[in-house]
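Thanks for making the time this morning.

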Amino acid sequence: MKTNEVFDCVCNLIFEKYKDSGWKYSKSGHWMTKKDKNFIYKVFFYTSWNNISDRNVAFYGECAIIPLKSKDKIFHINTRQCNLPSGELYWNIANEADWNRTVKEFTNWLDSVFIPIVESCMNDLDDFVKQVVSQGFYPSNGYVVDIGFILTYGSRELAEEATKRYYATLREPIKREFKENYESMIYGNEAVSKYGINMMRNYSNFRAVVENKIMVIL
């Protein structure tokens, strides 16, 4: 069996477990999606360009929440961040005998890490926003938060609280860089270091805080 066929088979086996729950599968894109009026919930399936038939076919994945009006991921996490499969960078699915274990471990990961987040967000967005402010999207990985998400779907007060909590989790010297640039740029002044410049180039919590004039004492 060709490597792409092996990859397709495992992706489809995983999708079969979620299709009755409203998830859609893109065979060409190799991802599953579910939508509500605000977000796309997406599960990406990945492989490698260096696969070798019958010897090594990589499989790993990522989950993300993406606003319908944006391409920026407000939350994303992948199997490698969660040390799955244990001690390896990916599952080797070249041998069909390993498919069931791969599907089981991957779906267990989805069910424990991502599906609860999706359900909370879809069922009660207001409560979910407060939950994220309090403990982040996924507490096991620290305070993972998106200030823009809090501001858009919560309130300025909640965004201020999240900003302070986020800042408190930063390591030195990043915390110092954040504070020095924030205290300059929040009043319309220039960045004081490359950190401030770089953070404003791409989607980031720092950029969301500065552009939306979220005023806090750090």
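What follows is a short tour of that strand, the core and the cysteines.

This is a predicted model, in which local features need pLDDT of at least 70 and side-chain atom pairs count only at pLDDT 80 or more, while totals for chains, interfaces and linings use all residues. Residues are numbered from 1 along each chain as its sequence is written, and side-chain values use heavy atoms, with hydrogens and water left out.

Let me start with strand β4, residues 58-67, where strands (E, at least two residues) and helices (H or I, at least four) are DSSP runs numbered from the N terminus. In β4, 10 of the 10 residues are buried, meaning under 20% relative accessible area, with exposed being over 50% and partly exposed in between, for a 1.4 Å probe and protein chains only.

Strands pair if DSSP finds at least two bridges between them. β4 runs antiparallel to β3 (residues 39-46), with eight bridges, and antiparallel to β5 (residues 75-78), with four; in the latter pairing, Ile 65 is opposite Phe 75.

Which residues touch the most other members of the largest nonpolar core? They are Phe 59, Leu 110, Phe 114, Phe 149 and Ile 150, out of 65 residues, a nonpolar core being a set of buried Ala, Val, Leu, Ile, Met, Phe, Trp, Tyr and Cys residues joined through side-chain atoms within 4.5 Å. Helix α2 (residues 99-123) gives the largest share, 11 residues.

Finally, with a disulfide defined as a pair of cysteine sulfur atoms within 2.5 Å, the count is zero. For Cys 11, the nearest cysteine sulfur, that of Cys 9, is 9.3 Å away.
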